Amino acid sequence: MTENKKTDVIVVGAGPAGISCAITIARAGKKVVLIERGSFAGSKNVFGGAIYTQPTKEIFPDFETSAPLERRNVEHKFAILGEDDSTVVSYKNKTETAGSYTVIRAKFDRWMAEEAKKAGVYLVEKTVVKELLTENSKVTGVRTELEDYCADIVILADGVNSLLAKQIGLREDIQPKDVALSVKEVIKLDKNIINDRFNISDDEGCIYEIFGGPMLGMLGLGFMYTNRNSITIGLGITLSELVERGIRPYDMLEELKKHPTIAPLIKGGELEEYSAHLIPEGGYNKVPKLFADGVMIAGDAAMLVNNLHWEGTNLAMISGKLAAETALEALNKNDFSAKTLRLYEEKLKNSFVMKDLKTYKDLMDIAHKKSDAFLDYYLRTVNGFFKMFTSVDSVPKRQKYYNFVGTFFKERKFMNIISDIWHGIRLLWSILKWY
Amino acid sequence: MVLEDKLFTVKYTPDTVSHLTPDNEMCKICTNRICTKICPANVYEWDETHQKLIVNFENCLECGACRIACVKQSLKWEYPKGTKGVTFKLG
């Protein structure tokens with residue numbers, strides 16, 4: 001191991017967490033090597049579709065004018081799909097500045113990595129980190145396929161599978177119930193057709209969050225995003241659900257694409273790319289130990305995802321930044337022990353990242369327990385209500401209300417309804433109570 | 001659309017050796033062989049005649065679901081080499 005392979009910080013993984021981390025360190029004038037296994041930053045990265053304006057600005061203040069963006073999202077639609085029918089709630093705001101933008105990761109992450117290089121980050125691509133080097137249980141560097149690199153601090157931003165965090169015992173193996181398997185398709189469509197179908201203009205974008213449909217009763221959600229000249233459609237289903245039912249994720253996506261509410265939106269489009277990725281869903285209770293001697297974990301590798309709000313890249317960026325700030329303090333003190341790096345955990349706890357995860361810490365447990373209620377029966381009930389409310393068939397309205405309420409109690413046992421309400425209150429309380 | 005057509009849209013630079021190495025003895029006694037069902041690229045197929053798990057690693061999307069879902073925890077799952085595997089153009 002030669003001395004010239006020694007740097008201040010090594011960051012593993014050039015995604016939003018890794019790049020945000022590396023650029024923050026480089027901007028402070030420290031030496032940082034960013035190692036990416038793909039042929040370029042972004043080439044192994046997949047997500048639903050949107051990056052968030054405010055957190056992205058914290059790292060890249062001018063990204064809105066210089067980054068490769070697809071569309072600025074002005075509308076969120078929440079679609080509750082029955083087997084054939086649907087209820088869609090929409091929130092649209094064209095006047096305020098966009099809260100998020102759709103991006104293509106192969107372009108956007110690559111742009112972020114270029115910005116990092118300009119700031120002085122030494123980016124090493126096409127390189128897999130095989131293992132972490134340790135000395136007296138302190139992480140001292142990384143071993144790649146070709147050579148060893150040494151550093152005072154190693155930051156793991158190597159994504160949801162983080163084999164490295166597992167190697168040093170910071171993370172236990174993920175359980176199938178704590179991760180969702182997502183498949184998605186990017187479907188090419190003419191810009192004007194997209195604008196017409198989604199009722200948007202110019203570079204405006206529309207997001208669909210999809211409940212039910214082929215996923216009725218399953219812990220899974222669908223999504224659609226509009227890109228400049230394509231539509232992204234996909235779904236994520238908790239892996240344990242797929243395992244228990246032995247179903248193929250792409251079969252579910254095919255079903256979703258055929259749904260009468262969805263099919264006209266993508267009609268005539270041509271598949272440009274199919275992809276798959278895991279989403280950490282364990283939440284607060286599954287966040288691993290975030291630091292040890294000479295090492296910290298950020299982004300998906302640390303399971304930092306707020307699945308209810310479709311947030312991940314923002315938690316990744318901010319956690320990367322906070323890990324970088326901690327690394328800088330450690331470098332100034334010349335102390336890279338867990339004692340100093342504990343500051344990272346404190347910073348995360350004081351930020352929205354851990355606060356949000358804590359807010360929803362009971363969500364997934366209740367969702368697992370109650371998927372037959374909240375992701376099936378009540379979704380059907382919403383559609384059933386509107387079906388009743390909109391039907392005109394010479395049946396007196398009062399009769400219809402009585403029938404609706406009668407069916408509601410007939411099709412779900414009273415005890416189950418009480419239990420649903422109890423879990424609903426419990427969830428609400430866990431979200432709203434002040435710590 | 002069938003899976004083959006979907007995978008046709010994905011850019012691969014396949015290695016000559018597999019980055020996915022199941023322990024076939026465990027596969028033989030595995031009751032559900034869930035990898036053959038949940039993989040989004042249908043990488044795994046069970047060959048009943050030869051009692052062997054066929055691994056079409058060239059099609060792997062590198063999501064990692066098989067590693068986590070494997071009941072026997074007997075799948076050696078590594079990333080492909082730095083220049084190999086999938087390249088997402090629109091991820």
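**Two chains and the interface between them**

Chain A has 16 helices and 17 strands. Its radius of gyration is 23 Å, close to the 22 Å that the globule rule gives for 435 residues, so chain A is as compact as a globular protein of that length. Before I go on: this is a predicted model, and everything I say today is about that model.

Along its principal axes, the C-alpha trace of chain A spans about 85 × 50 × 40 Å.

Now chain B. Four helices and six strands make up its secondary structure, and along the sequence they come in the pattern α-β-β-α-α-β-β-α-β-β. The globule rule gives 12 Å for the 91 residues of chain B, and the radius of gyration is 13 Å, close to that value, so chain B is also as compact as a globular protein of its length. Its C-alpha atoms fill a box of roughly 40 × 30 × 25 Å along the principal axes.

Next, the interface. How many residues of each chain are in contact with the other? On the chain B side there are 38, and they are in contact with 51 residues of chain A. Between them the two chains bury about 3700 Å², with 56% of that on carbon and sulfur atoms. Which three residues of chain B supply more of its buried area than any other three? They are Tyr79(B), Phe88(B) and Leu90(B), which supply 21% of the area that chain B buries against chain A.

On to the polar side of this interface. The rule finds 20 residue pairs in polar contact across it, both partners at pLDDT 80 or more. On chain B, the elements that each supply at least two residues of the side touching chain A are α1 (3-7), α3 (35-38), α4 (65-69) and β6 (85-87). By class, that side of chain B has 19 nonpolar, 10 polar and nine charged residues.

Last, the salt bridges. Over all chains the count is 39, and seven are found across the interface of chain B and chain A. One pair is Glu273(A) with Lys89(B), where the closest N and O atoms are 3.8 Å apart. With the cut-off at 4 Å, that pair is counted as a salt bridge.

Another is Arg37(A) with Glu62(B), at 2.7 Å from N to O. Why does this pair join two chains? Arg37(A) lies in the loop between β2 (32-35) and β3 (50-52) of chain A, and Glu62(B) lies in the loop between β4 (52-55) and α4 of chain B, so the bridge runs from a loop of one chain to a loop of the other.

Key. Residues numbered from 1 in each chain as written. Chains lettered and ligands numbered in written order. Predicted model: local features only at pLDDT ≥ 70, side-chain atom pairs only at ≥ 80, totals over all residues. Heavy atoms only, no water. Contact = heavy atoms within 4.5 Å. Buried area = accessible area lost by both parts, 1.4 Å probe. Salt bridge = Lys/Arg side-chain N within 4 Å of Asp/Glu carboxyl O. Polar contact = N/O pair within 3.5 Å; in protein donor to acceptor, adjacent residues only side chain to side chain. Nonpolar A, V, L, I, M, F, W, Y, C, P; charged D, E, K, R; others polar. Rg over C-alpha atoms; globule rule 2.2 N^0.38 Å.
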